[in-house]
Amino acid sequence: MNHDVYSDAYVRGILTNHRTIAMVGASPNTSRPSYFAMKYLKAKGFRVIPVNPGQAGKEILGDKIYASLAAIGEKVDIVDIFRNSEAALAITREAIRIGAKVVWMQIGVRNDEAARLAEEAGLQVVMNRCPKIEYGRLSGELSWAGVNSRRLSSKRSLLGAKGVQHRVLKAAGD
Amino acid sequence: MTADRKPGFNTLAIHAGAQPDPATGARATPIYQTTSFVFDDVEHAAALFNLETFGNIYTRITNPTQAVLEERVAALEGGTAGLAAASGHAAQMLVFHTLLEPGDEFVAARQLYGGSINQFTHSFKKCGWTVRFADTTDADSFRAALTPKTKAIFVESIANPGGIITDIAAIAAVAKEADVPLIVDNTLATPYLVRPIEHGADIIVHSLTKFLGGHGNSIGGAIVDCGTFDWLKSGRYPTLSAPSASYHGITFAETFGNFALAIACRVLSLRDLGPAISPFNAFLILTGIETLPLRMQRHCDNALAVATWLTRHSKVAWVNYAGLPDNKYYALHQRYCPQGAGAVFTFGLKGGYEAGIALVSNVKLFSHLANIGDTRSLIIHPASTTHRQLTDEQRMRAGAGDEVVRLSIGLENADDIIADLDQALAAT
């Protein structure tokens with residue numbers, strides 16, 4: 001698969017078909033991008049499980065930090081990698097072992113060998129993207145910040161149940 | 001998996017950034033004429049102020065009408081994000097406020113809109129920023145003007161008022177060597193004629209007042225972040241690369257990636273300096289943009305007809321329009337904007353300063369005023385108006401000598417535009 005470009009339908013499918021994200025490299029530092037992404041994705045209804053061996057046992061946003069993917073005792077759909085490109089290979093192998101459905105590498109993170117292994121094992125792969133930005137881009141929320149969503153639609157954006165300033169990819173109950 | 005189909009320019013001009021209003025179904029973009037927006041709850045308010053989520057707080061920073069305009073302009077330019085401002089000058093101020101610290105320098109083409117020369121030379125001095133001017137027709141002159149303090153290069157794609165087509169790629173190469181962003185003012189060309197990002201621009205600024213709005217009814221400006229510059233590499237742009245004391249230590253380039261500049265210009269410079277565009281102006285400009293491709297082509301076709309006619313007039317000394325085959329910028333016009341050379345150009349009167357004054361007094365269809373890019377044809381004598389604050393040398397170098405008349409050709413019948421010039425020249 002070509003990982004230079006993803007169709008909106010592919011990314012939308014991943015973000016609407018899955019609910020549990022293990023975030024590897026999640027930081028308890030409230031000024032870090034991973035903290036921003038975790039907070040946003042939780043607000044969109046995702047269960048986000050932080051993974052960070054150096055912070056294991058502590059909490060981020062009320063969720064317990066695990067030392068590794070293998071240490072998580074529940075089903076994980078998406079493994080979101082907030083680490084460097086080299087580290088992504090070992091994390092991807094672990095993601096395959098725990099039965100994850102998607103390996104997602106953050107902006108600036110790309111490992112084509114890891115992508116190949118994951119796809120051979122039947123996982124979907126996204127590289128060099130942020131799930132928060134993709135969610136905001138596809139839902140229309142990011143357009144409030146003047147960001148080019150590269151998306152045209154003659155349909156209304158979906159409003160979330162939480163209030164008028166929340167847009168969602170899937171209506172509640174869908 | 002195939003990539004999504006890329007819509008054409010005409011389609012983007014109408015649809016980019018605009019969806020039916022989710023609350024009412026309104027198909028045209030509503031004018032959200034409100035100062036403020038209620039928070040969904042306390043948590044939501046805190047997340048908005050921390051930049052942890054996207055949404056609207058206050059119209060000085062974001063507004064849904066403005067947001068459609070911003071995304072529209074960004075999409076037409078092919079950038080990652082846009083930011084609208086109260087005017088083109090405000091847009092420039094916001095960009096430089098984000099990029100520069102006191103003591104910093106930038107290099108700008110000396111062939112610029114006279115107002116930009118004033119802003120850069122005098123007002124920016126009060127911020128401790130120094131402009132060094134170079135020749136937009138000579139990329140090497142930009143290299144020669146670089147110093148260790150240079151933080152950016154600024155040019156106009158089609159220079160006002162001289163009708164010069166800038167070799168953007170050549171100057172972009174100088175910017176790349178120096179590892180500084182290239183800022184291109186694309187006001188006179190609009191993205192219909194030139195897309196600077198395709199030639200190496202990192203930031204694009206616009207006066208939306210001109211051809212984008214196109215109807216001479218609203219002042220506005222815009223910044224487009226091309227998403228091409230690595231703000232973290234050199235560490236010379238601390239607003240983007242260092243933890244922000246204004247937002248609990250977040251680093252903009254890390255948190256917002258390839259649209260960090262647009263966000264920083266908004267949530268720091270626009271928030272603190274305050275030159276927001278009004279929702280009503282944003283709406284009028286958006287409406288104008290929907291017909292940009294049609295209008296811009298007519299502007300260019302009319303301009304070529306008028307310029308060609310002027311070359312044959314006995315009282316006209318010269319015509320500087322890049323669309324004329326014998327013009328020295330004709331090759332650059334063919335390379336950068338083959339659809340047209342714009343609709344603003346200058347010509348020289350054999351009668352000098354006095355003839356210039358007489359001509360602007362004798363026209364009946366042309367309006368004598370200090371704007372460009374209107375549906376109406378406009379005329380001005382720069383030496384006695386827009387460029388009169390400059391020194392004689394600056395005026396000459398900006399292409400605004402005593403005998404120079406600037407035209408902005410409108411959308412009327414070309415025959416009527418020519419007939420007005422004919423009668424006015426006869427009476428001059």
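**Close-up 1. Thr190(B), a buried residue in this predicted model.** Thr190(B) has 30 C-beta neighbours inside 10 Å, so it counts as buried. You'll find Thr190(B) in helix α8 of chain B, which covers residues 190-193. Look at the backbone here too: phi of Thr190(B) is near 60°, a positive value, and this residue is not a glycine.

**Close-up 2. Leu61(A), a loop residue with a positive phi.** Leu61(A) sits in the loop of chain A between β3 (59-60) and β4 (63-64). Its phi is positive, about 50°, even though Leu61(A) isn't a glycine. Is Leu61(A) buried, exposed or partly exposed? There are 14 other C-beta atoms within 10 Å, so Leu61(A) is partly exposed.

**Close-up 3. Where chain A touches chain B.** Here 37 residues of chain A are in contact with 44 residues of chain B. Which elements give two or more residues to chain A's side of this contact? They are α1 (8-17) and α2 (33-43) of chain A. The one that gives the most is α2(A), with 5 residues.

**Close-up 4. What kinds of residues chain A brings to chain B.**

Terms used. Residues numbered from 1 in each chain as written. Chains lettered and ligands numbered in written order. Predicted model: local features only at pLDDT ≥ 70, side-chain atom pairs only at ≥ 80, totals over all residues. Helix = DSSP H or I, 4+ residues; strand = E, 2+ residues; numbered from the N terminus. Buried ≥ 20, exposed ≤ 12 C-beta atoms within 10 Å, placed from the backbone. Contact = placed C-beta atoms within 7 Å. Nonpolar A, V, L, I, M, F, W, Y, C, P; charged D, E, K, R; others polar.
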